[in-house]
Structures are given as C-alpha cells and as structure tokens.
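Good morning, and thank you for joining. Please have the sequence and the model open as I speak.

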Amino acid sequence: MDIKEEWVVLKEIKEALQNNDQSRAAENIQKYLDKEKNIPLNIAITGESGSGKSTFVNSFRGIDNRDERAAPTGVVETTMEVTPYPHPNYPNVTLWDLPGIGTTSFPADKYLKHFEFERFDFFIIISDTRFRENDVKLAQEIQKMEKKFYFVRSKIDNDVRSEKRSQREFNEERTLVQIRENCIKGLQKKGFETPQVFLVSSLELHLYDFHLLEETLERELPEHKRDVLLLAMPSVSLEIINKKKKALKSKIKYYAMLSAAVGGVPVPGISLAVDIAMIVGVVTKYVFAFGLDIPSLSRLAQSTGVPLDELLAVILSPLAAKKITAELIMKVVQSLGITAALMAAEEVSRLIPGFGIPAAMGLSFLSTYRILSTFLDMLADDAQRVFKKALGLNTSV
C-alpha cells in the first residue's frame, strides 16, 4: 500500500471513530491488515540441474534440507515439475522450484512454453559454475516478457574452500572478485551489457552477496510487495533486521486504532480480552520475522557453528524463543508498570458516565501502541544480539 492509499485508509478510520461508529472503524482496520497479509508474492527459482536450486528454496524459507516440508535435493535432477513451496510463516509468499533447464526431460526450446511463466513476480537463475547457453536463453525470454530476473552464482562456499586448499597465498576477496568477473564477462559475451551477478552460499546466507540480492529485489519490486518480501527474508544482516523493525513499526498505529475501536464497546473486560488476543498474534509475527523462534535459532546455530545455548544466552527479552500465549503477554505487560496501569485505567474509565467511553478508547490506543512498540524494540534488539553472536561480533546493541 502506497502513502496515498494509506492516507485514505487512515482518513476513513478516523471519520468512523469520530462518528462513534466503532464497528465500521474496526472493519476498515481489519480489512487493511488482511489486505497486507494476503498480498501474493511468487518467486521462480530456476537453472540447470544440480545447480543448488532446491537448497536455495529451502534456505530462503528457513527450512533444513532434511525437513519434511523441504524441496528435495540431490546430485541428480530431483525437480520433475513446477513445484510450489509456500513460506512456513508467510503462506502468501511462494517459491516455485522449477525443473532444471536443459535436461533431457526438459529441453530448453520447450521449457518456457511448458510453464505458465506469467504467474511469477520475478525469476532467480542459479548456476554453480558459469552461466551457460540455456541460462542465457531463459533470461532473454524473461526479458521479452518484461519480467525481472537475477543471476545467482551458488555454492560459493565450496569454491572458497577449494581455492584455499590449492593456493599458497589465498585471498578470499580476490577469489570472490575473480568469480564474479568471470560470470559477468561470460554473460557480456552472450549479449548482456551490464549483468548483475550475486554470489551466494545457500548454506550460509549471511555471507557473500545475499544481502545485496535482498536490497536489489526490494528496490525493484512494486511498492506494495516490498514489505511482503522483507518480512519473509531470513534475518541475515543487521540492515535487514533494522528494515524489518521499521516495516513492523509502521503497522502498530493500525493495531492501536483497532484496539481503540474495540475500546468503545461499553462492556467491561471485552477490550482487554480482544487486545491481549491481538497482541499475542502480533508478537508471534515479530518473533517469526526476526527468526527468534527455536527452529530458526537452531538452524542459525547449525549454519554458523555457534552452539544454540550460546545464542540463547544473549537473548534478554522474555518473549523470544518461547511460545507466545495470553498468559505470557499478561505477565510481561504487568512487569512494564506504566503500561499495565494504562490498561487498568481504561477499564475503570469505561464506567464513568459521559466521557468514559471516549477516554477508554484513547487509553486503549495508547496502551496498545506502547506495548507493541516496547515489545518490538525488545525483540529487534535480541535479533541484533543473536546475529552478532553468530558472527562472533560484540553483542552490545
């Protein structure tokens, strides 16, 4: 949703609240939140067989190759048809694992005609060596369709290890520059003037160019799909963590307005119950977005070699690495003191004739906004500490 659309939504919600039409206000807010949640993003992952497409699909989704939800991987072509893999925490985001281009099962001249390429928002073309003729043909056809595509050179960690073993004076940066330049020159010879090539290790996304790929995708996507991509991205850099925090922060006012609309219902206890249930859902979203759930932390420990216990040791928030429940939220809210007092004042003010309901709505907005802002700050700080610990950096925020 762009700034103009957001302004219209805010105006409609404000008018409904001013006219004491809480149900219409709540309906408009929920419609906005649902719209954001249901924006589809379809990403096509393709390339020659054995290039690491399936491993990339799994890593992007934060899923181990051995997980039952994982795209099958192997040294032979394991993808025999276009297979959708929804993100486990963001089902509106789907990565499509396409069969290896150029295999005997899928010759290049029939590849593009066989699949409904119009459904995809953009394409990631993966190769674990140089980009070959089939990759170039595919990119050219995608260009004709006026779709975006991105070249990803995979398995960079293997190349770095191999070069390190074979060179007397190994320089990793020089090796990466050589690999990138070799890919770019090869693509230029095949007609691409200024191709971008991203060096990626699917098993170690925090290394090399994955963060540059994220920045490029975010910049070139339509505005209404940028946050969808961002929140589904693995938190593999401090910049991505900060971007996620900013995106999540921008939505807090809508949850606070929804809280205010429910706060206008003249029934004691209803507002508190609805607020807590809503906060449970929102905070769960925060935990998943920052990768602070136990499965995500376990995968990070495995990929970086830092024991899970050491990652957990730098977490300060009582909300991270736990199942978010109403009881946990209430316990943490009570520990915040002032915020808990605001929620109590809201329930008391509702009983005052005349101005009690408007006062309760204002207090409901304020308490929800403060709670979510505080929780978001806590979890974002934890995400930064965990990331720094995983990379062996100073964990102070």
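Predicted model: local features only at pLDDT ≥ 70, side-chain atom pairs only at ≥ 80, totals over all residues.

Residues are numbered from 1 along each chain as its sequence is written, and side-chain values use heavy atoms, with hydrogens and water left out.

Helices (H or I, at least four residues) and strands (E, at least two) are DSSP runs, numbered from the N terminus. Buried means under 20% relative accessible area, exposed over 50%, and partly exposed in between, with a 1.4 Å probe and protein chains only.

I begin with strand β1, residues 41-47. Seven of its seven residues are buried, so the strand is largely enclosed by the rest of the structure. In a regular strand the side chains alternate between the two faces of the sheet. Here L41, I43, I45 and G47 point one way, and N42, A44 and T46 the other way.

Which strands are joined to β1 by five bridges? One is β3, residues 93-97, which runs parallel to β1; another is β4, residues 122-127, also parallel to β1. Two strands pair if DSSP finds at least two bridges between them. L41 stands opposite V93 in β3, and G47 stands opposite I126 in β4.

I turn to the aromatic rings. Rings of Phe, Tyr and Trp (its six-membered ring) pair if their centres lie within 6.5 Å; planes under 30 degrees apart count as stacked, over 60 as edge-to-face, and the rest as tilted. By this rule the count comes to 13 aromatic pairs. In one of them, F60 and F210 have ring centres 6.4 Å apart and planes at 70°, so the pair is edge-to-face. Because F60 lies in helix α3 (residues 53-60) and F210 in helix α8 (residues 210-220), the pair ties together parts that are 150 residues apart in sequence. Both F60 and F210 are buried.

W96 and F120 also form an edge-to-face pair, at 5.7 Å centre to centre with 70° between the planes. W96 is in strand β3 and F120 in the loop between α4 (108-114) and β4, 24 residues apart. W96 has a relative accessible area of 13%, and F120 one of 1%.

Finally, D157, in helix α6 (residues 156-166), is buried at 9% relative accessible area.
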